Amino acid sequence: MKQPILLSTLCAALVLGVSACGGQQAQNQTAAASSALPAGKDNIILNLGAEPESLDPHKAGESASFDVIRQLLHGLVATDGEGNTVPALAEKWESPDNKVWTFHLRDAKWHNGDPITAHDFVYSLRRLTDPATASPYASYLADAKVQNAAAVQSGKAKPESLGVTAINDKTLQITLSQALPYFPDMMLLPVTYPVHRATVEKHGDKWTQPQNYTANAAYSLKEWTVNSQIILERSPAYYNHNHTRIKQIVFLPISDAAAALNRYRAGELDYAGVPPAQFQALKTSELANEMRTRPALCTFYYEPNHQSPLFQDVRVRRALNLAMNRDTIAHKVMGRGEQPAYQFTPPDIKGMGKAGISWQNQTQSERNRQAQQLLAAAGYSKDKPLRFELLYSNSDVAKQLVNASISLWQQALGADTVKIEAVSQEWKTSLETKRNGKFDMAFSGWCGDYNEASSFLNMLRANNGNNSARYRNPTFDQLLDTALNSSDAAARQRTYHQAEQQLEQDGAVIPLFQRISVSVLKPYVKGFSDNDPLKNWQVKDWYLQ
């Protein structure tokens with residue numbers, strides 16, 4: 001999923017400071033007191049890290065939105081605590097050839113009492129792909145090879161021609177143009193979830209307001225105060241209501257991770273991220289037993305705008321890629337176990353492995369020499385420096401990473417040869433800026449929508465709505481088509497490696513590091529799993545004890 005992944009804010013270590021926060025002993029006492037389950041507590045308070053872009057699954061495109069939507073809506077499938085794809089609204093599914101998929105729906109209702117039917121999915125998948133919706137994920141079903149999806153997305157065919165059919169109220173059939181054995185896994189992403197047609201058509205864009213929102217999962221939307229809080233209430237209309245034990249969820253959009261950690265210590269949050277600056281100290285603090293470190297299929301990277309005159313020369317893009325000291329970024333700036341990224345797709349995702357980037361085993365000095373030669377060949381020097389703006393969202397961690405990257409580039413290429421201005425924007429504004437292509441280079445992140453290498457590589461296809469770098473190469477797109485057509489896993493992996501090598505040759509993006517997730521969770525919160533690398537958690541599976 002496109003992260004726009006949020007990097008929690010970094011601030012000075014006053015959270016762990018002695019004098020600034022009243023002393024370590026006072027902090028220990030506060031933390032110890034806040035670790036016990038408060039009497040009568042029946043809610044859970046979570047930090048999203050940012051204000052959600054939208055609670056409409058077909059108009060959302062980032063992690064904060066998806067985290068809330070997963071509590072309000074169910075799709076065909078979900079994941080269990082180990083990251084396995086399991087039934088949700090579809091009780092079972094089958095395909096004789098991995099091309100025609102049939103999903104059998106359970107008896108379940110929308111919160112207004114209407115039955116959930118296959119027709120809801122037909123309407124919703126058409127709406128996702130319809131260019132009139134302007135979804136960031138409009139190309140998602142085309143990437144999934146749903147019949148006619150590419151034509152619908154481009155406006156060359158009507159949404160009604162999309163290869164989704166309601167055989168009857170409880171049977172949905174989805175037809176692909178080619179076999180895709182992991183197609184059910186692609187239905188995990190909230191953009192494939194159904195919406196209540198009558199509600200959307202009656203209220204238009206206002207259907208996501210609390211008084212209008214028609215949910216179908218464990219929780220209903222009670223309140224959405226922008227830049228303040230979102231409150232969800234347990235719904236008795238949910239088909240598995242008796243399984244849900246937490247009455248209320250409160251989401252807060254705190255972008256400053258140090259402030260969030262302070263509130264966690266004070267018992268005002270039940271879950272919070274751990275910023276790099278506090279990681280080492282927290283490991284030996286009173287909160288050590290509440291820290292959770294888990295894998296995440298996420299890559300942080302810089303995306304040059306390929307339509308910007310500054311970055312249309314591949315030599316410039318490759319020079320900046322080579323000159324980036326990602327070992328320093330991963331091990332010293334982040335320092336929580338993140339791994340340097342030499343390829344866009346995490347090696348640990350299914351079907352990938354290490355792509356064999358040619359210069360990965362070179363020393364940084366050797367890479368820097370090549371980068372200097374490429375930049376000089378492109379015509380840049382002290383007398384004609386490369387000048388560009390580097391966009392990031394207003395997070396202190398992102399600010400620290402961007403400033404460190406600028407310093408590393410200038411050390412490698414010369415401070416007089418590379419002039420970079422860091423530009424900070426509010427989260428939603430930065431998303432819009434990237435989608436509109438009004439930037440030189442941007443700091444970005446991407447998390448897997450499903451556990452397969454194409455979840456990353458598809459994002460850089462020419463027609464993908466999340467390809468804000470505007471990267472275009474028919475050879476790359478053809479490699480992905482070849483991989484999809486391969487029934488042999490080893491052959492598919494070799495083709496994925498070729499695709500990654502093509503990205504490197506083109507300087508498509510500049511990978512920085514593969515992320516891990518580090519957080520603190522109150523010990524009275526039970527049922528939370530650390531083992532799902534997609535992080536598709538649902539509060540309905542948690543309880544307080």
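Reader: Which strands does helix H3 lie across?

Author: Before the answer, a word on the source: this is a predicted model, in which local features need pLDDT of at least 70, side-chain atom pairs count only at pLDDT 80 or more, and totals for chains, interfaces and linings use all residues. Residues are numbered from 1 along each chain as its sequence is written, and side-chain values use heavy atoms, with hydrogens and water left out. Helices (H or I, at least four residues) and strands (E, at least two) are DSSP runs numbered from the N terminus. Helix H3, residues 118-129, lies across strand E5 (100-105), E6 and E7, and runs at about 170 degrees to E6. Such angles run from 0 to 180 degrees between N-to-C directions, with axes fitted to C-alpha atoms, for helices over the stretch in contact, where contact means heavy atoms within 4.5 Å.

Reader: In what order do the strands of the open sheet stand?

Author: Two strands pair if DSSP finds at least two bridges between them. Here 4 strands form an open sheet in the order E4-E5-E7-E6, with antiparallel pairing. Strand E4 (90-94) and strand E6 (164-168) stand at the edges with a single partner strand each, so one side of each is left without a neighbour in the sheet. From one strand to the next, the twist averages 25 degrees.

Reader: Over how many bridges do E6 and E7 pair?

Author: E6 pairs with strand E7 (residues 171-175) in the antiparallel sense over 4 bridges, and Asn168 stands opposite Thr171 in E7.
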